Amino acid sequence: MTGAASAVIEALLPRRNYLERSDAYKRKGIAANIDQVLVLAAVEPRASEEFLSRILLIADAAGVNTLLALNKIDLPGADEARARLMLLVGAGHELIEFSARPEHDAAPSAPAILRAKLAGRRTVLCGQSGMGKSSLVNALVPNASAVTGELSSALGSGRHTTTFSRLYHIDSDTTLIDCPGMQEVGIHHLTHADLARGFREFAPYLGHCRFANCRHVHEPDCALRNEVAKGGVAPERLRLFQKLIAEIGV
Ligand SMILES: Nc1nc2c(ncn2[C@@H]2O[C@H](COP(=O)(O)OP(=O)(O)O)[C@@H](O)[C@H]2O)c(=O)[nH]1
Ligand SMILES: [Mg+2]
Ligand SMILES: [Zn+2]
C-alpha cells in the first residue's frame, strides 16, 4: 500500500470470463470480465508470430473476442510485416492497421481506426515490448502520460518496461487495460481440444480423422495432415500446433 489510500470491497461480481496464461507450475491471471483482446504487432521490431498465436489461443480458450492489429505502418517494411501476418488472417483473424504516433499523419491514425471498435467495451492490450502499447494508450487516452520505450536515460541502460497492468478510461464506458512486460505466454492450462479449436482454420477437418482421438501428429489417415499435404492448411500452422501440444503434453 502507498500512503493513506484505502479501499473497501463493496461487492464481488461474478466472472464473465478470465484471461490467463500458465506455465507448468502456476496460472497467472491477466484480466477478468473483458470484451476483447487487442493483440498488437508492429512493423518494427518484428513481432513473433508464435507470441501472437499464443495470445490468440488463450483468448479463444477463454471465450474472449480478439482483434489483431499491426502498428507503425508509417515505417518502411509495412508490406513485409503485413505479409507475415497473412497466416493468421488466413486462419480467420481480423487484421487492422494504423500508426499510434500522431505526427505520422500519412498513415491512418490509431484513434481513427480504433474508436468505433473500442467504444463501450473493455479491451485488454497485449503485445511484446516495443510494439507500441504505451504509445497507443497515449494516443487514445487523454492525459495518460504512459512512458514509452527507448533506453532509459536516467539509468543509461535497461528499458522503461512497466510490469503492472493498468486500466485507463477512454470515456465513461470505454476502458483499455495495458498489459506490459509480457514476454512469455504459457498455455499449460489449455487442453488438446482448446488448441485444436484455437487454430480456427482446422475446424473443417476436425472429427474427420480415422481415429476419433487423433492427435494430428503421426496417426494414419489424419484429415488435418492430409489437408496440409494438399495445400489447404499451412504446414507452419500444423507445425506450431504440434509444437504446442508437445510442450504441454496433451
Ligand atoms: N514510427 C513509429 N514509431 C512508433 C509507433 N508507435 C510506437 N512507436 C515507437 O516505438 C517505440 C516503442 O513504443 P512503446 O509505446 O514504448 O511500446 P511498448 O513497449 O509496447 O509499450 C517507441 O520508441 C515509440 O515511439 C508508430 O506508430 N510509428
Ligand atoms: Mg509500454
Ligand atoms: Zn488427425
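Gln36 has Thr123 as its bridge partner in strand β6. The model is predicted: local features require pLDDT of at least 70, side-chain atom pairs count only at pLDDT 80 or more, and totals for chains, interfaces and linings use all residues. Residues are numbered from 1 along each chain as its sequence is written, and side-chain values use heavy atoms, leaving out hydrogens and water. Strands (E, at least two residues) and helices (H or I, at least four) are DSSP runs, numbered from the N terminus.

**The sheet**

- Six strands make up an open sheet with mixed pairing, in the order β5-β4-β3-β6-β8-β7. Two strands pair if DSSP finds at least two bridges between them.
- The edges are β5 (95-97) and β7 (166-171); each has a single partner strand, so one side of each lacks a neighbour in the sheet.
- From one strand to the next, the twist averages 30°. Angles run from 0 to 180 degrees between N-to-C directions, and axes are lines fitted to C-alpha atoms, for helices over the stretch in contact.

**Strand pairs**

- Strand β3 runs parallel to strand β4 (residues 65-71), and seven bridges join them. Here Val37 stands opposite Thr66 in β4.
- Four bridges link β3 and β6, also in the parallel sense. Val39 faces Cys126 in β6 across this pairing.
- β6 also pairs in the parallel sense with strand β8 (residues 174-178), over four bridges. Val124 stands opposite Ile177 in β8.

**Burial of the strands**

- Seven of the seven residues of strand β3 (residues 36-42) are buried, so the rest of the structure largely encloses this strand. Buried means under 20% relative accessible area, exposed means over 50%, and partly exposed is in between (1.4 Å probe, protein chains only).
- Gln36, Leu38, Leu40 and Ala42 are buried on one side of β3, and Val37, Val39 and Ala41 are buried on the other.
- Strand β6 (residues 122-126) is mostly covered, with four of its five residues buried.

- Contact means heavy atoms within 4.5 Å.
- Helix α4 lies across β3, β4, β5, β6, β7 and β8, and runs at about 135° to β5.

**Helices α1 and α8**

- Helix α1 (residues 49-62) packs against helix α8 (residues 235-248) at an angle of about 65°, and their axes are 12 Å apart. That makes α1 roughly perpendicular to α8. Angles of 65 to 115 degrees count as roughly perpendicular, under 35 as roughly parallel, over 145 as roughly antiparallel and the rest as oblique.
- Glu50, Ser53, Arg54 and Leu57 in α1 meet Arg237, Leu240, Lys243, Leu244 and Glu247 in α8. The residues of this contact are three nonpolar, one polar and five charged. Ala, Val, Leu, Ile, Met, Phe, Trp, Tyr, Cys and Pro count as nonpolar, Asp, Glu, Lys and Arg as charged, and the others, Gly among them, as polar.
- Ser53 is buried, with a relative accessible area of 6%. Apart from neighbours within four places in sequence, Ser53 is in contact with Leu88, Arg237 and Leu240.

**Helices α4 and α5**

- Helix α4 (residues 110-118) and helix α5 (residues 133-140) pack at about 80°, with axes 10 Å apart. That makes α4 roughly perpendicular to α5.
- Ala110, Pro111, Leu114 and Leu118 in α4 meet Leu136, Ala139 and Leu140 in α5. The residues of this contact are seven nonpolar, no polar and no charged.

Terms used. Chains lettered and ligands numbered in written order.
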